[in-house]
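Visitor: Hi! Could you walk me through a few helix contacts in this one?
Guide: Happy to, here it is.
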Number of protein chains: 2
Amino acid sequence: MKTNATSRRSIWVNKDKPEIINIIDQRYLPFELKICELRYPEEIIYAISEMQVRGAPLIGVTAAFGIYLAALKEKQSPDLQIRLQKYSLQLKSSRPTAINLAMAVDMVMERLEGKENPMEIIELTFSTAVNFMNQEVDACKRIGENGLPVIEKIYSEKKGEPVQIMTHCNAGWLATVEYGTATAPIYLAHDKGIPVHVWVDETRPRNQGSRLTAWELEQHDIPCTIIADNTGGHLMQKGMVDMLITGSDRTALNGDTANKTGTYLKALAASDNNIPFYVALPLSSIDTSLEEGVRSIPVEIRNENEIHYIEGLSPEGKICKIRTSPPGSKALNYAFDITPAGLISGLITEKGIINASRKDIISLFPEMD
Amino acid sequence: MKTNATSRRSIWVNKDKPEIINIIDQRYLPFELKICELRYPEEIIYAISEMQVRGAPLIGVTAAFGIYLAALKEKQSPDLQIRLQKYSLQLKSSRPTAINLAMAVDMVMERLEGKENPMEIIELTFSTAVNFMNQEVDACKRIGENGLPVIEKIYSEKKGEPVQIMTHCNAGWLATVEYGTATAPIYLAHDKGIPVHVWVDETRPRNQGSRLTAWELEQHDIPCTIIADNTGGHLMQKGMVDMLITGSDRTALNGDTANKTGTYLKALAASDNNIPFYVALPLSSIDTSLEEGVRSIPVEIRNENEIHYIEGLSPEGKICKIRTSPPGSKALNYAFDITPAGLISGLITEKGIINASRKDIISLFPEMD
């Protein structure tokens, strides 16, 4: 997507030196666009664990390139396969919850089974990682194409006024590779000339909305306005929102969806005001092992300091952290909540829009019949 | 209420020098407990306009003392009455929205009608302000007494476990003079030995929850935990909340209630999880001129910089402001939202708990029959 009119992804192979993987160090956004060159497998683990990259799909792609960099580094080693095995275990434990991380690592490692020629292994890890990255982009693009008619239909009823879309957290290209999930239909609508305006929830405590979503939309020239997470209900009451789209961290077979904390509150307000609430997600975010979500999806409790401290730009232009709560006070930091399927108007997937119901979800997994 | 085990109000007449009004400069909380001495009427206007004091009831009481300080200052003036009139107009315009401000000023000025003796005027402004302050305290205490049985009843069903109460924004003693409105039943329950624990919504964008409510509860030794505004829905889903109490900025005749933005979202979640949601308010917060609230109560839009910038304590221990959103980005800052009466379990007033309905509300205003 665009940044300063330059087309960009969140991760890419260096054009001149394919032994270098480039990423955006997202910890500095929106204050600085810092691009990093990753040359060593340890740098991949650091990038994931220290959250230079975040967002489940992007973490998976970054991890896949990690095995490629490990193969490059260890190509002279007589026990290359064993070293890759060891590295892949370290890699998988670099973030605790992202299911895409383990899936991506296992997928690359399976492709290497029985291979011994170092050059063949290097080529195979590279091509597997690149293909995986392109598949992620393709899935997001198809989510965009499938969601686009929803925006077009609302626009056709609006007599030229912009379509007002609300989103929560960052399910944009910074969380994937390109297009994003929740943002994909928005980017495609904008690029097609449909006027859209996005209400961006700040998304406390980590502020992924104001820091990342607002930044990427603005870079792509999509009009947007940041609001406190508290404000969405009032905008819906006032008829200032036409539709909502969020991403999903995990969706159960019955359609219940875990997403960044606060999503459930927006879904309730959407329902109370008869506004459609969509979840955009790749099929890989559906956990077919869970019959339902509200009681079964485990919700990560993160460090309470994410609530006590907040990062931003000081008057001197430095990135710094300040404490906003009484020193010594306690906080509790559930990272996600679970939106019951009944509040979801539809799931926008790479295979089309379906109802958030067991019947529709199962139809996308023919192997489950 | 207690601060560091010292019993304190948010405003008081200096014990040794009754020509001095003491306030807590709330702009420094929770990082510093700074007490100011106000000697001149101009200092009262500054205290209100610069938000050294905030909360509609406290603003009203502070303003009443403003006329007393003006009478003291101008006591030698041959046109004392005219000067007080002039001052009262300035005073009323020191904050745009607080209805209690104008009401308090008008109430004191009416008492002065026809008076000419400066000493009599000074005494009358003083006694009127003190009585008004004590009436505010009394109303809050009665709100506490009327809400207490709700907490006691839940406690009787909890087999010794603490009653889990959620609140939003600051409707505590810092917003009134003592006890608060939403917090009054909580303080009374705690003082009676009933174990309570309070979930304190951070309350973006001004963080009155984490900065003020958490501070005052902790000072009074009431266990509490700060949560991001986004988190309340999930806690309710998990059965971690027994009841909610908030304040009211304005309640219409049908029970619709304007309160700090985000209140509506919590009321929706409470309703979705069958958890009682109470609004605690003095009768003076009921606007008997409005038949309904959702469409009729005007909602203040505040400066968008309240969203872009946040104040806290730097690592060096200084109070400072940092920018959290992309420089140049836009934000929209509705300060309130409106909770429809249908989501409110009851209104806790100084005259008892009533339904959020026209019939019950009108019964408290006999002059309306």
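Visitor: At what angle do helix α1 and helix α3 of chain B pack, and how far apart are their axes?
Guide: Helix α1 (residues 41–49) and helix α3 (residues 80–92) of chain B pack at about 15 degrees, with their axes 10 Å apart. Axes are lines fitted to C-alpha atoms, for helices over the stretch in contact, and angles run from 0 to 180 degrees between N-to-C directions. This is a predicted model, where local features need pLDDT of at least 70, side-chain atom pairs count only at pLDDT 80 or more, and totals for chains, interfaces and linings use all residues. Residues are numbered from 1 along each chain as its sequence is written, chains are lettered from A and ligands numbered from 1 in the order in which they are written, and side-chain values use heavy atoms, with hydrogens and water left out.
Visitor: Which residues make the contact?
Guide: B:P41, B:I44, B:I45 and B:I48 of α1(B), with B:Y87, B:Q90 and B:L91 of α3(B). Contact means heavy atoms within 4.5 Å. By class, the residues are six nonpolar, one polar and no charged, where Ala, Val, Leu, Ile, Met, Phe, Trp, Tyr, Cys and Pro count as nonpolar, Asp, Glu, Lys and Arg as charged, and the others, Gly among them, as polar.
Visitor: Now α5 and α6 of chain B: what is their packing angle?
Guide: About 65 degrees, with the axes of α5 (residues 118–156) and α6 (residues 184–191) 7 Å apart. α5(B) and α6(B) are therefore roughly perpendicular. Their contact divides into nine nonpolar, two polar and two charged residues.
Visitor: Switching topic, how many residues of α7(B) are buried?
Guide: 11 of its 12, where buried means under 20% relative accessible area, exposed over 50% and partly exposed in between (1.4 Å probe, protein chains only). Among them are B:R211 and B:W215. Just after α7(B), B:D221 takes a positive phi of about 65 degrees.
Visitor: And how many in α2(B)?
Guide: There, 15 of 18 are buried.
Visitor: Last one: where is A:T231?
Guide: A:T231 lies in the loop between β8 (224–227) and α8 (232–237) of chain A. A:T231 counts as buried because its relative accessibility is 0%. Leaving aside neighbours within four places in sequence, A:T231 is in contact with B:T261 and B:Y334. As for the element names, helices (H or I, at least four residues) and strands (E, at least two) are DSSP runs, numbered from the N terminus.

Technical notes: Parallel < 35°, antiparallel > 145°, perpendicular 65-115°, else oblique.
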